[in-house]
Amino acid sequence: MEKGSHLDYLRRPSTLLSFLLWSFSVAVVLSLVGAVAINSQRISFDHDANDAINQIHEQLVINDAALAGFGSLLTSIGTNKLQQTRDFTRRMRDAYPHIYMFEALVSIDPANKAEHEERMRNMGYRDYKVTRYVPKNSSTVKPFDTIDGVPMHFPIFFIDPYLESVKGLMGFDMMSVASMRDPLLASLVTGEPVASQPYKLKEGGRGYALIKVLDTRDTATAMERRYSQGGLGALPNNAQGGLAVLLIIKTDTMLASVVNTVPLASVRLLHGKERKLAAEEILPQTASLPIIEIDTLLEERELDDLGQPFTLSIAQPAGLYSQHLQIMGLLLFAMYIAYGIHYHNSFAKYRLELQRDNVLTELSQQHANLEVMVTHRTKELQRKNDENTHLAQQLIRVQEDQIHHIARELHDEFGQTLTAIKINAHILESVETMQEVATYAQDITSQADALYETMRDMIQRLRPEALDMFGLKVAVEQCILAFHLDEQNIDLDLNIDDSVNNVEEIYSIASYRIVQELVNNAVKYAKLTKLKVVLDVSDRHMNICVEDNGIGFDPLDSKVGFGLSGVDERARSLGGIVDINTVVDEGVKVRVRIPLQEC
């Protein structure tokens, strides 16, 4: 009823119009918030990207300046002041961590190879030797390369840092490596620094070489001076006098310097027109990404100057972060509240009517349910009352039977035995010989023993003596033995845990009587051949299980006898439960579980 009434109300043109206007306003407000957020991110990105580009460009300028300073120092002081040169290169490497290594090359005619090697050995490089790169798959070995038809080597004669791992590079002919020969030749032609293709460094990461061949016209005199100052003699007539300086730059270190500048962006350094990846791409932290990505902000800048043709590409996802979503949520919540108030005011009267109808319907349904519950409960109470009445009558009948049985036993057993004792005592008064006295005294003793046994048997039935003396386990064992199951060809499976002896007296007596009654019922009515009895204590509960393979009974057709009713009442009086599983011709299994309370 309520749903249909709401639908009727919502179908009205005024209601639909107000809802559409509200939805349109929500879309406009959320779109404005998103646009403002994207625009703010774009402004911040443009600023940060420009800073990052300036940082990379500054490092490229530093590379060019370091290379120029290195070349100027070598041409001015010569090769005999290596320590001064190393001091300069070490300071540069300490100041600019992205500069990995300084190298210096000299061009020599292959005919003067041995002479150059000898000069370098005299300068302290004992193992100096001009070596060339030989490809593994090459079938021929070129002895040298040529520059404009002139044979030429460009071996290394200076390295910093001069570590054990790089000492083997001293004397290596850079003209023998295509990746180094091409920038060498390009620098010879232009006289400007030229960068090699990026490559993987042995020490890890990526890098490239920045090479500059110094102008031979400007350096011929300096080279002549360098050799003469070193005491090594004048330059050969056919020597070109070419001097080349080289920096190895770690591009990963260059790129890492901009991480804090654009922490939300992915940054790539690309080389040349092929846009070859020159350094490992820097990715934004996952925690910094927008929750909802709307656009991608991109800034690319070509830094093709100073002989280092790089392109810096910076891309940053733009979208909605948690703070934007919170603002949208608050606005949406406020607009929802406003619409709800409007809707509430226009719909209040109609809703009150619906609530009244719903309350009346619910009360009627609850009244009907209550009547059913009362009827059911009344029947249940009546059934319990009938059972209690029947049980009380059975208890009275059993008590009377027990009293009658005890009275009959007292009359039959005690009366006859006492009469016999009395007669023997009278006869004993008149006997004359000691043999007759002994005979009648022996009869009196036998009759008194029989009277004692009868009295003990009655006491045992009223209150088992073993229960007080030895505990529940022994008492139950004696109780079951009293049924003489072996004489009836009944196999007994008895399993009683020692823990049952530790329970309070009220639980011991109840457990004893329950087992006694269940075993008695099984023996009397089940026509069984196997009987299983289990007693144990677990989880603060007394567990009793009596199972037979007798004829069983149908619980729907048969009324529960007084014995099982008594077991149920005794268990329930202690808060326990009784579970009876039985199938006709398949036996009966009774499980009793009684909670043990702390006393």
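Modeller: Happy to; we'll go through a sheet, the helices on it and then some salt bridges. This is a predicted model, where local features need pLDDT of at least 70, side-chain atom pairs count only at pLDDT 80 or more, and totals for chains, interfaces and linings use all residues. Residues are numbered from 1 along each chain as its sequence is written, and side-chain values use heavy atoms, with hydrogens and water left out.

Biologist: Thanks! In what order do the five strands of the open sheet come?

Modeller: The order is β13-β14-β15-β17-β16, with mixed pairing. Strands are DSSP runs of E with at least two residues, helices are runs of H or I with at least four, and both are numbered from the N terminus. Two strands pair if DSSP finds at least two bridges between them.

Biologist: And which ones are the edge strands?

Modeller: β13 (491-496) and β16 (577-583), each of which pairs on one side only.

Biologist: How many bridges join β14 to β15?

Modeller: Eight, and these two strands run antiparallel. As one example, Val 534 has Cys 545 in β15 as its bridge partner.

Biologist: Which strands does helix α12 touch?

Modeller: Helix α12 (residues 505-525) packs on the sheet and touches β14, β15 and β17 (587-595), where contact means heavy atoms within 4.5 Å. Its direction makes about 10° with that of β15. For such angles, axes are lines fitted to C-alpha atoms, for helices over the stretch in contact, and the values run from 0 to 180 degrees between N-to-C directions.

Biologist: New topic: how many salt bridges does the structure hold?

Modeller: There are 16. A salt bridge here is a side-chain nitrogen of Lys or Arg within 4 Å of a carboxyl oxygen of Asp or Glu.

Biologist: What does Arg 86 form a salt bridge with?

Modeller: Its partner is Asp 160, and the closest N and O atoms are 3.7 Å apart. Arg 86 lies in helix α3 (residues 82-95) and Asp 160 in strand β4 (residues 156-160), so this pair ties together parts 74 residues apart in sequence.

Biologist: Are those two buried or exposed?

Modeller: Both Arg 86 and Asp 160 are buried. Buried means under 20% relative accessible area, exposed over 50%, and partly exposed in between, using a 1.4 Å probe and protein chains only. Arg 86 and Asp 160 are also linked with Arg 93 in a network of salt bridges.

Biologist: How far apart are the closest N and O atoms of Glu 164 and Lys 167?

Modeller: They are 2.7 Å apart, in another salt bridge. Glu 164 is exposed at 64%, while Lys 167 is partly exposed at 33%.
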